[in-house]
Amino acid sequence: MSFTITCPICGERDVYEFHFGGRDRGPPPSHDNLTIEEYLRYAQFRTTRTEAQLEWWFHSNGCGSWFTTWRNPANNREEKPQEMSNDQQ
Amino acid sequence: MSLKLRNNQVKSSETRAICGLERLWGTSPLKSHYDVVLIGGGIHGLATAYYLAKEHGIKDVAVLERRYIGYGGSGRNTAIVRANQRTQENVKLYDEGLKLWPKLIDELDFNLMFFNCGNLNLAHSEAAVSAFRLAVSTANFCNVQSELLDPQQCKELVPALDISDRPYHPIHGGMYHGPGGIVRHDAVVWGLAKGAFKHGAHIHQGVEVLGIDTDGQKITGVQTNRGSISCNRLAVMAGGYSASVCEMVGMELPVHPLTIQAMVTQPLKPFLHHVVSSGAYHCYANQTLKGEVATGAHMDPQVNYSTTPTAWYMKHQAEALCEFLPCLKGVKFMRIWAGLADMTPDMAPIMDGNVMYDGLFIDVGWGYFGFKSGPITGKYMAEFIADDEAPDILKPFALNRFLENRYMGETAGATNYGHWN
C-alpha cells in the first residue's frame, strides 16, 4: 500500500521516494569467537511482527539522507510502540 | 405450483449431482484431537491433506484456515505455471509439478482449466541473453523443453510485440518454454478441497491458530479461536503469514513478507496466445480464457503485511506493458489486487520436518512461486509427514542450508526479477 515516511530534512514524503534499509537490529555481533552459524543467523534470520519496529530508510529520490523511523508493518503507519508513546506522556 | 414440484424433485441426491448442485466439500465437526493438523487452507495445505488421506491412509487430518480457503496467495497469484528455474533441484520439482496438472484433473474429476500455452521470456540486453542461455542449458539438461529465440522468432510467436528500436529497452531475444502455461487458481483450491473432503480430511474455515502447544521436544497441539486441538503432527503452510505462525514456537525464519501486486484489463479479443514476461520492465502478462490481460510482477521492497495495491504501481504497469505490447495503449484496467510473498534470501522455498520440535513440519518461503508448485509439494510433504523422513527431492530445501552457507542460487534465475525486484 502507498504511505508516507517522514524524512528528518524534507518532512513527510511519498514512500516511493525512499529506499528501504531494513529493521534496525543494533550493532553487528562482535567478531571475537563468532561462529559462522551465529553470523549467518544474525544476517538472515528475522521475524517481521505486526507491531511497530525501528527501521532504516534512505531518501534516495530526495535529499539523500539515511535515518531511522518507527513503522508498523501491519498498517504501514509511522507509530512508536505502545510503551514508548506512554513514556512520552 | 409447478415451481414447487420442481424444487421437490431436486431433493434427490442423484438429480442434484446431475444438475451439478452437489456441494464440492462439506463442513465437518471440529474435533478436539487430530493425527495431523495443517495450518493454512491454501493450495499447499489442501493438497497435503488430499495426498495424506488418499495415498497414505491418514484420514484423521484437519486443515485450519483463518479466513476462507484460497483467501491468501492461492487466490491472488497470476496462475502461471512453468519449470524453467535456475537450479536443477528446483527445475526437477517444478517439472514434476507441471506434469501433475493433467493427472490431477482426472483424479479430482474437476476441470482446473490447464492451458499449456507456453511461456515467452524477453531479454532486453546481451547480459539477459547470456542468462537465458544458462537457463536453457539447465532446463535441457533436466529434460525440460526450453529454447533460445531471436527477436524475429519472438515476433512470430507474439505478433503484438514491438521488436523495433522504439522501446526504451529494445528486445534482444527470448526464451520459450513450451510446456508452461496457466491454470485457473480458484479451481485448484476448490478441486483439492473437494478431493481432500471426499477422502475424509476435515476442512475448517474461520479457525484461527493463536498458539502452538509443546511438551518438551514434542508438538502436542494448537490453541485456536474455537478452543484447543491436540495433534501428533503439525505442519505450517500459511504462505505469507508462516513466519508469524512459526514465531508462536519461537522459531525465527529467514523469511520476509512483501506485498506483490497484480491486475487485469478489460476483456479483449484473443491476441496474446502465450505468457509473456520481461525482466527489464518488471512485468509479465497473459490473456486469460475470458480475454482479460492478467499482469503483475511488482513487489514493494519494504516488509509489510498489507494487501492494498497502489496507484503508483498501476501507472508503472501501464507504462511497462505499453512499451513492449503497444497495442494495449488505451485499454482500461478493471481490477487490481495484492497478496503477500514470503521471500527467502535465495528465492527458493524451505521444506523441512521435525525442525526445532518433533512433529513440526514447515513448508514456507515460497515467495511468488507457491502456486506453480502447490500440488506436487503437497504430494511430497504428505510423504514426508507420513513416513517421517524427507523424500529425496525435498532434501535440498531444508532450513539448515541458510546456516551452512549453501544458497540455492535462484536469485540468478533469468525468469526472476532480481533480488526481490
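**Exercise 1.** Why does H282(B) count as partly exposed?

*Solution.* The structure is a predicted model, in which local features need pLDDT of at least 70, side-chain atom pairs count only at pLDDT 80 or more, and totals for chains, interfaces and linings use all residues. Residues are numbered from 1 along each chain as its sequence is written, while chains are lettered from A and ligands numbered from 1 in the order in which they are written.

Step 1. A residue is buried if 20 or more other C-beta atoms, placed from the backbone, lie within 10 Å of its own, exposed if 12 or fewer, and partly exposed in between.
Step 2. H282(B) has 18 C-beta neighbours inside 10 Å, and therefore counts as partly exposed.
Step 3. To place the residue, note that H282(B) lies in the loop between β13 (275-278) and β14 (283-287) of chain B. Such helices (H or I, at least four residues) and strands (E, at least two) are DSSP runs, numbered from the N terminus.

**Exercise 2.** Determine whether N405(B) is buried or exposed, and describe its backbone.

*Solution.* Step 1. N405(B) is found in the segment after α10 (374-387) of chain B.
Step 1. Because N405(B) has 10 C-beta neighbours inside 10 Å, it counts as exposed.
Step 2. Most residues other than glycine have a negative phi.

**Exercise 3.** Describe the contact between chain B and chain A.

*Solution.* Step 1. Two residues are in contact if their C-beta atoms, placed from the backbone, lie within 7 Å. Chain B gives 21 residues to the contact and chain A gives 17 residues.
Step 1. On the side of chain B that touches chain A, at least two residues come from each of α8 (242-247), β12 (256-265) and α9 (311-324) of chain B.
Step 2. The residues of this side of chain B comprise twelve nonpolar, seven polar and two charged. Here Ala, Val, Leu, Ile, Met, Phe, Trp, Tyr, Cys and Pro count as nonpolar, Asp, Glu, Lys and Arg as charged, and the others, Gly among them, as polar.

**Exercise 4.** Describe the open sheet β3-β4-β5 of chain A.

*Solution.* Step 1. Two strands pair if DSSP finds at least two bridges between them. Three strands form this sheet in the order β3-β4-β5 (chain A), with antiparallel pairing.
Step 1. β3 (19-23) and β5 (66-71) of chain A are the edge strands, each pairing on one side only.
Step 2. Strand β4 (residues 53-58) of chain A pairs with β5(A) over six bridges. Opposite Q53(A) stands R71(A) in β5(A).
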